[in-house]
Amino acid sequence: MWALGAILYELLTGRPPFRAASPMDTLFQVIQDDPVPPARLQPTCPRDLEIICLKCLQKERHKRYASAEELAEDLRRFQNGETIRARPAGKWERSIKWARRHPAIAALVAVSSLAVLALAGAAVGHDFYLRMKVAEAVAATERADQKREQAEQEKKQAIKEKTLAARRAECRPQLEQARAALAKDKLEHNDLNMAETSASEVRDRTRDELALADLTAEAERLLDRVKRLRGLFRGRDEALFQLNRQLLTGLDRPESLEVADQEARAALALCGVDSEANVGPALDKEVSDSERKEITRGCFHVLLIQADALVWPWVFPPGGKQVGPVKQEVVQQALRILDRANKLVPSTEVYHLRRARYLDLLGQTAEARTARVLARQHQATAPFDLFLVGSERMLEKQGSQAALGDFERALRDDPDLFWARFFLAVGLKLRDPAQARGHLTVCISQRPDFVWCYLIRGFINGEKPLSDFKGAEADFVTAAQLNERRRKEGKPDQSAEYVLLVNRGVLRVRQGRYKEAVEDLEKAAALRPKQFQGHLNLGVAYREQQRRLEAARLFAIPPQPARLAAVLGVAVAGQDWGQWKEVLAQLDEAVKLRPDLALLYRERAQLHLLREDPGAALKDFRRAIDAPEQGERKTHEDYLECGLIHYLEKRYKEAAAACDAALRLRGDYAPAHRLRGEALFERAEHEVLVAEKQRLYREALRSFDNYLLFRGPPKAEVYQFRALAHWGLGNYAAVVGEYNHALTVRPGDPTLLAAQGWAYIALEDWKRARDDFTQAIGRDPTNAQAHNGFGYALVKLGKPIEGVREAREALELGPPTERLFYNAARVFAQASAVEAALAQSSRGSWDKSEDYREEAVRRLVQALALVKEQQRAEFWRKTVRPDSGDLKGALYPLRRSPRFADLAEQYDRPAGGRPQ
């Protein structure tokens, strides 16, 4: 308390209460002396304030204020001109203080006084006289103090009146600023905040002063107008979002239309407008023309939203199912509300567009066309009207691009228009995800508590091509926090919670976090069992989790190329069929809820493929093609999937037809060109007629050309198919070229090197063939076909013993196939011819030649044994006969073998005819 008094003293006088030449002297003054009264140092210092200050600086603790509250109370009384409770020190008190400060002098005085009293009694009378004089002086001082106090009170009152006048002068401009803010355009933006801030400051500064009650009342009226305007725009925004909830979020929420209607009615009631009566808006006389215009246009927009809430079930039927015939009376009511809006703001583009849509629902097409003509004649210019026109065009299947243009125009005129930017971001999320993300970031800066901005931005971040999983996770964390806050406030948004769980679950599926994904999606399906998204993505999560488990099982099996079928068999045997049933149950439930969505059939078809049920998958892809899906179509992809199933089932003609259907929808679809080429190649391989076979090969090559033309990724398999087609046409030089292309995609691939080596053999370029086979064996010593080809090239280069050794190595490596044994037979046959030629020059052995020929026949018999019995004659005609019919044939040397003659007698004959 003493310290507070010291601070107050210095504030009043400009110096501390004690100040000496040194710190010790200062401390001595603090202990011994009383401070100089402030009025002596500062004559203008009020007496009451001096008393308060000196009471704080009393030496004895009990004489100071007992608490800071008492000090504050006396200061308040001084400010308000009331009598303070502190009192100045009395005469005796001052004397006692003086005696304590000067004990020696006081003692001397006391002794002298006693001596005087003892010496003369007359001194008593003189002392009494002196006392009387002192009393009179004290009384005079008190009267002077009272006069001074009265003067101080008058001065305080004058200061107070001056202060109030200054406060009034300061508040007036603030009220004018608030009124000016309400008189500006774009009231739904920052101007309302400015008006509220200014009016609130005036109210807070004047509410405790009766003299300023008029300013308080005026501030309250302005705040009431702000509340009404904010309620109008808040209600409009909430009704707008609830109306467009399905369009923006994809959720079937029929009850949101009721919320939209309720919000619209509440917003209109704030302005005294009734959608069913031609009254309002009811506005104060002091409302400016600009404010009146903004309120009227705001009511106009709310009426449009209320009218649409009535007919929305026929725009977006719940569950995608038709809700029955359009109710005439409902549409008529919407038209009446629309006409009520037209009386507030007549003849706008959005009014005529919306009226045309309602008339179409009633079947009045001629009137609807007239309304659309009028809409073109009254094109919107106001930003919010442009936004509404854009949202109207979003409902048209072909109008989405025009809608985005309307949103952009609205933002050029008013960059702060939240809804135009939000709708633009939603429209761009699949077309231009990066730009959509940028718009949503701006939306978040405008409304950081709007959870849907985070949900949609998180979805965009998690999708390709952005694949920003970290950003998506951060958005979902913020969305979860906002949802939790709303739940604590007693205003839970279950739709936002559902979308959060679904989108986060999908993100975690993509990250391979299947356990967490399943937890989220199971919660979503339980939260909204009648929404298909939870069931669909839960099924996908189950499917991907099971697929990963199978991949892990397959990876755990030691790789043995010769036993691929066994490996696949083990993988299939390890499938958890119970898990597949759970996946199928979830997808079936999703299809049941939304039978109009192709996406659901597409996902279920993929599941059927995993369950090795191509028939069911084909049916679902066909259902996807026929589904009346809303939004972006992928029918060309569905046709391709059908083609793949036909191809795997060896129905090559149907596969090519499915690809043709896909290409009719999208001619530059590279995967369809590739599959068509492969299907045509397989048809050519099974064709008997030479002319038709060559036509199919050429058509296959054209499909592969188109695949490369439309920038299909360079695949070694495509070049392999092209090489085989050229082989079928006898273009062996082109075959080599295609394998060169394939090797640029997969450099050093032993299979491709071996295939190119066989092409060089067809061109009789034995050295290059030998080199390719050497590289192939160096990279894969177990490649049996490379050993066979290497052996053939060595034989042709005059090294039959080395060539035969390579052929026998190939037979040991396996696996045993008709092609392996057949190529080995060719090597032995050519080795027989070389040894026979050497025998004629006395450098070889006829016996060795005969042995090679007979072994060649044995290998040929083994090859025939591996061919299905009903196909052996065809194998002989297509493969063996061309290879043994002339001197250049690899098997020509076998014609001297009696056993080969028997085989020819058995297989080389037309149906029912004689041997050829």
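# A walk through an all-helix chain

Residues 24 or more positions apart account for 61% of the contacts in the protein chain with a separation of 6 or more. Contact here means heavy atoms within 4.5 Å. This is a predicted model, in which local features need pLDDT of at least 70 and side-chain atom pairs count only at pLDDT 80 or more, while totals for chains, interfaces and linings use all residues. Residues are numbered from 1 along each chain as its sequence is written, and side-chain values use heavy atoms, with hydrogens and water left out.

Start with the overall make-up. The protein chain has 43 helices and zero strands. Both are DSSP runs, numbered from the N terminus: helices are H or I with at least four residues, strands are E with at least two. Of the 916 residues, 46% count as buried. Buried means under 20% relative accessible area, exposed means over 50%, and partly exposed is in between (1.4 Å probe, protein chains only).

Now look inside. The largest nonpolar core has 108 residues. Such a core is a set of buried Ala, Val, Leu, Ile, Met, Phe, Trp, Tyr and Cys residues joined through side-chain atoms within 4.5 Å. Phe387, Trp419, Phe422, Trp452 and Leu455 have the most contacts inside this core. Helix H10, residues 213-243, gives the most to it, with 12 residues.

Take Phe387 as a way in. Leaving aside residues up to four places away in sequence, Phe387 touches Leu240, Phe407, Ala410, Leu417, Trp419, Ala420 and Phe423. Is Phe407 buried or exposed? Phe407 is buried, with a relative accessible area of 0%. With the neighbours up to four places away again left out, Phe407 touches Phe387, Gly390, Ser391, Met394, Ala420, Phe423 and Leu424. Phe407 and Phe423 are 16 residues apart in sequence, and their C-alpha atoms are 7.5 Å apart in space.

Ala165 lies in helix H8, residues 122-182. Ala165 is partly exposed, at a relative accessible area of 44%. From Ala165 to Leu212 there are 47 residues in sequence and 9.2 Å in space, C-alpha to C-alpha.

Next, see how helices pack. Two packed helices are described by the angle between their axes and the distance between the axes. Axes are lines fitted to C-alpha atoms, for helices over the stretch in contact, and angles run from 0 to 180 degrees between N-to-C directions. Helix H14 (residues 328-344) and helix H15 (residues 349-361) have axes that come within 10 Å and cross at roughly 165 degrees. H14 and H15 are therefore roughly antiparallel to each other. The cut-offs are these: under 35 degrees is roughly parallel, over 145 roughly antiparallel, 65 to 115 roughly perpendicular, and the rest oblique. On the H14 side, the residues in contact include Val331, Ala334 and Leu335. On the H15 side, they include Tyr351, Arg354 and Arg355.

Helix H34 (residues 716-728) and helix H35 (residues 732-745) pack at about 175 degrees, with axes 8 Å apart. That makes H34 roughly antiparallel to H35. Among the residues in this contact are Tyr719 and Trp727 of H34, and Tyr732 and Tyr739 of H35.

Finally, turn to charge. Side chains of opposite charge can pair when their charged atoms come close. A search of the whole structure finds 57 salt bridges. Each is a side-chain nitrogen of Lys or Arg within 4 Å of a carboxyl oxygen of Asp or Glu.

Glu463 forms one with Arg510, with the closest N and O atoms 2.7 Å apart. This pair links distant parts of the chain, 47 residues apart. Glu463 sits in the loop between helix H21 (451-462) and helix H22 (469-488), and Arg510 sits in helix H23 (residues 494-510). Arg510 is partly exposed, at 40%.

Arg513 forms a salt bridge with Glu473, the closest N and O atoms being 3.7 Å apart. Arg513 lies in the loop between H23 and helix H24 (514-527) and Glu473 in helix H22, so the pair ties together parts that are 40 residues apart in sequence. Arg513 is partly exposed at 27% relative accessibility, while Glu473 counts as buried at 18%.
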